[in-house]
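Please open the structure in a viewer and keep the selection panel at hand.

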Amino acid sequence: MKKQSVVKKFLYSQKVAPYVFVMPFILTFAIFFAYSIVSMILMSFQKVAGANTTFIGLENYKILTNAVFLKSLKNSVFYTIVTCIMMIPIPMILAAMLNSKHMRAKGTFRSILFIPALTSVVVAGVVFRLMFGELEGSFMNQVMNLFGVEPIIWLRKPVTVWITLFFLCLWRWTGVNMMYYLSGLQQIPADLYESASIDGATGMQQLRYITIPLLKPTTIYVLTISIFGGMAMFSESYMLFNGNKSPNNVATTLVGMLYRMGFEQNQLGIASAIGVIFLLIVLAVNMIQLRINGTIGSKKGE
Amino acid sequence: MKKKLLAGALATAMALGMSFGVGATDDGSTQGTNTFVDGGTELSFWTFQELHVGFWTSMADVWNEQNPDRPINLTVTTGESHSTHSKLLIACQSGEGAPDMADIEIGYYGSFLKDGYLLPINDAVEPYKDDVVMSRVSMYGDNEGNYYGVDFHLGATVAYYNMDIMNEAGVDPADIVTWDDYVEAGKTVLEKTGKPMCAVETSDLFFPQCMMLEKNAQYVDDEGNPNLVTEEHAEVIDYIREMINLGVCEIAPGGGFHTEEWYGHLNDGGVASVIMPLWYMGRFTDYCADLNGKMAIYPIPVWNEGDVREVLQGGTGTSVIKGTENEQLAKDFLAFAKLSKEGCTYEWNELGFDPIRTELWDDPEITDNKDNKFLAYFTTNPFDVLKANGTDITAPNISGAYSATYSTLVSTTYSNAFEISVDQDAMELLQGEQDSIIY
């Protein structure tokens with residue numbers, strides 16, 4: 001009887017209950033994130049070989065001087081920058097259009113733009129690989145043919161490879177970012193526009209002085225996830241090139257490099273080192289980014 | 001009420017599905033088994049090629065017939081190549097969940113070999129030693145004379161000529177002996193038909209590797225270190241570049257000989273010849289129906305008249321994974337399946353793999369079998385090439401850094417050499433490539 005009351009006391013205790021409720025998250029975080037990160041950092045100083053794992057100091061970090069690694073780093077950064085430049089204004093404008101009361105068939109357009117986000121990257125990658133085939137009969141070359149352009153070898157030349165990748169990114173993610181902006185737009189009170197138009201502001205002025213500033217929180221969010229998404233890009237390049245094999249590494253990204261080291265060449269130590277470097281880069285970039293736009297560490301007086 | 005019931009039912013179904021692991025084959029893997037016998041030892045097997053499942057399960061049945069005292073219940077699991085290899089690697093690394101045996105593609109083999117995940121199979125191979133081309137076994141070995149794997153096929157490289165194009169150009173492939181002859185013939189073909197003589201891959205290495213093996217040059221040295229910067233390699237690259245400049249050689253559409261674009265191009269008669277191993281016959285019968293009865297197989301050209309006109313390329317080594325509880329049984333079964341007459345006959349008949357066992361080359365039941373789809377497809381007999389060249393044939397050295405080197409070769413080296421930096425000095429280019437290899 002007494003024992004039960006202890007259990008009961010414990011269960012009904014106001015102090016313990018919160019911890020019980022957050023336990024699932026804490027456990028998941030500890031097992032699948034914290035442990036992995038610690039283990040990755042450890043492994044980055046080891047030569048990982050089953051039972052014969054040994055510490056080898058900074059040996060794995062020599063990868064920093066490897067030409068292919070630097071190229072993949074450059075690729076990831078380039079991809080991130082360009083996608084951020086593309087993936088903020090375009091969805092914003094589309095969202096503004098879809099939000100306008102003059103727009104017709106909003107639901108249809110919204111669905112059409114959003115559907116690509118629901119397809120799997122793997123399927124999209126395969127379809128894009130076929131669409132951007134190099135023979136005359138491939139979809140893109142037929143389109144080019146309408147403009148009188150000779151068939152293009154899309155997936156083996158740096159410039160066209162990047163066009164393909166950006167096209168794929170644009171096709172797939174515009175809908176998602178547009179949704180964020182739509183929800184952001186719907187939170188802007190209508191009376192602001194009303195008073196602006198009474199004051200004689202044009203549509204462009206309304207966009208410039210009301211819409212864009214008030215969308216700032218959404219933009220910060222979209223920018224943050226775009227940076228993550230861009231830096232973490234892997235599946236697109238993996239599928240487009242039939243298994244991480246882009247010619248001359250034109251589209252090998254940091255994660256692609258990590259995958260190649262760890263899972264194709266059995267160099268888990270080096271792969272972990274790449275992971276650590278990757279973590280530091282993304283962390284730094286996002287800290288700077290959040291700092292600049294004032295989300296963290298900002299002036300208290302605001 | 002109804003809705004609630006439905007929701008409840010769905011939730012239960014989901015929970016049940018999850019708890020019983022329904023959808024275990026979501027990753028697209030499939031399984032096959034032999035006819036299980038009572039008291040058979042269970043062996044698990046992983047492969048990355050659907051066609052191999054039939055081979056292994058049939059061989060297990062034959063084994064059970066011949067060895068009733070040591071029966072096997074074999075379960076073969078297959079999946080997409082990359083993911084199967086990485087799963088296998090991770091299983092080996094963690095020491096848990098690995099199968100008893102596995103097929104490992106040649107490009108990945110080095111990764112498994114260098115960290116000692118495989119068992120030596122010398123004793124099991126020993127009884128077959130004199131009947132087979134041993135370089136196909138010893139290549140899956142180390143410096144200490146241990147063998148770890150056996151291939152499915154000999155993988156002798158030959159020249160496939162499109163006789164429609166050759167006849168139109170008035171060139172007889174039988175007259176082509178050296179690479180210089182080949183290039184001369186290529187010029188004639190180009191002039192008469194406007195088509196290139198051959199193609200080179202930028203995403204694989206068969207053509208340059210063939211030329212290098214003929215010069216006895218390897219991508220890794222005897223200690224297993226990357227060895228790209230060699231005179232021979234530079235000569236091969238310059239030679240192919242020259243062929244491309246002349247228009248005799250093209251970059252394979254799609255970048256490789258296993259792409260949709262390339263198969264279409266080949267099937268349409270877009271190229272006069274292909275230099276590939278004999279196992280490539282299966283690609284012709286599968287993807288190039290229009291070329292049926294038009295392709296002829298001849299020995300590959302060589303650098304100097306009198307050289308052996310054959311090298312071994314490509315392949316898949318089957319190995320026993322360390323940690324299996326049935327070492328001896330797995331090893332014996334492996335050697336039996338791959339090296340016995342029954343095994344080699346199956347491989348030739350069903351898979352089109354040129355047999356590693358030499359007695360089959362002289363067996364009229366095999367070599368003159370009119371019903372064999374491969375012999376029926378080609379106008380010349382591939383066994384003539386095998387018989388002419390004997391058994392002392394150079395195989396690629398795949399030890400040590402080969403996996404890492406291979407990865408660099410097929411992702412950067414050849415696309416740089418033949419498509420992107422065509423003007424860069426070959427030696428300088430190779431030095432840059434070698435420096436980027438992580439080993």
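Predicted model: local features only at pLDDT ≥ 70, side-chain atom pairs only at ≥ 80, totals over all residues.

Residues are numbered from 1 along each chain as its sequence is written, while chains are lettered from A and ligands numbered from 1 in the order in which they are written.

**Stop 1: chain A**

Select chain A, which has 14 helices and 2 strands; helices (H or I, at least four residues) and strands (E, at least two) are DSSP runs, numbered from the N terminus. The radius of gyration of chain A is 25 Å, well over the 19 Å that the globule rule gives for 302 residues, so chain A is more spread out than a compact globule. This radius is taken over C-alpha atoms, and the rule is 2.2 Å times the number of residues to the power 0.38. The C-alpha trace of chain A spans about 70 × 60 × 40 Å along its principal axes.

Of the 302 residues of chain A, 30% count as buried. A residue is buried if 20 or more other C-beta atoms, placed from the backbone, lie within 10 Å of its own.

**Stop 2: chain B**

Now select chain B, with its 19 helices and 11 strands. Its radius of gyration is 24 Å, close to the 22 Å from the globule rule for 439 residues, so chain B is as compact as a globular protein of that length. Along the principal axes, the C-alpha trace of chain B spans about 75 × 55 × 45 Å. Buried residues make up 50% of the 439 residues in chain B.

**Stop 3: the sheet of chain B**

Select β1, β3, β2, β4, β11 and β5 of chain B: in that order, these 6 strands form an open sheet with mixed pairing. Two strands pair if DSSP finds at least two bridges between them. The edge strands are β1 (30-33) and β5 (149-151) of chain B, each pairing on one side only.

Strand β2 (residues 41-47) of chain B runs parallel to β4(B), joined by 2 bridges; here Trp46(B) stands opposite Ala102(B). With strand β11 (residues 316-320) of chain B, β4(B) pairs in the antiparallel sense over 5 bridges. In this pairing, Ile104(B) stands opposite Gly317(B), and Met101(B) stands opposite Val320(B).

**Stop 4: the two domains of chain B**

Colour domain 1 (31-154 + 314-375) and domain 2 (157-311 + 401-435) of chain B separately; such bounds come from an automatic or database domain assignment. Their C-alpha centres lie 29 Å apart.

Where do the two domains touch? In chain B, 13 residues of domain 1 are in contact with 10 residues of domain 2, contact being counted if the C-beta atoms of two residues, placed from the backbone, lie within 7 Å. On the side of domain 1 of chain B that touches domain 2, the elements that give two or more residues are α4 (106-114) and α16 (373-377) of chain B. Of these, α4(B) gives the most, with 4 residues.

Conventions: Buried ≥ 20, exposed ≤ 12 C-beta atoms within 10 Å, placed from the backbone.
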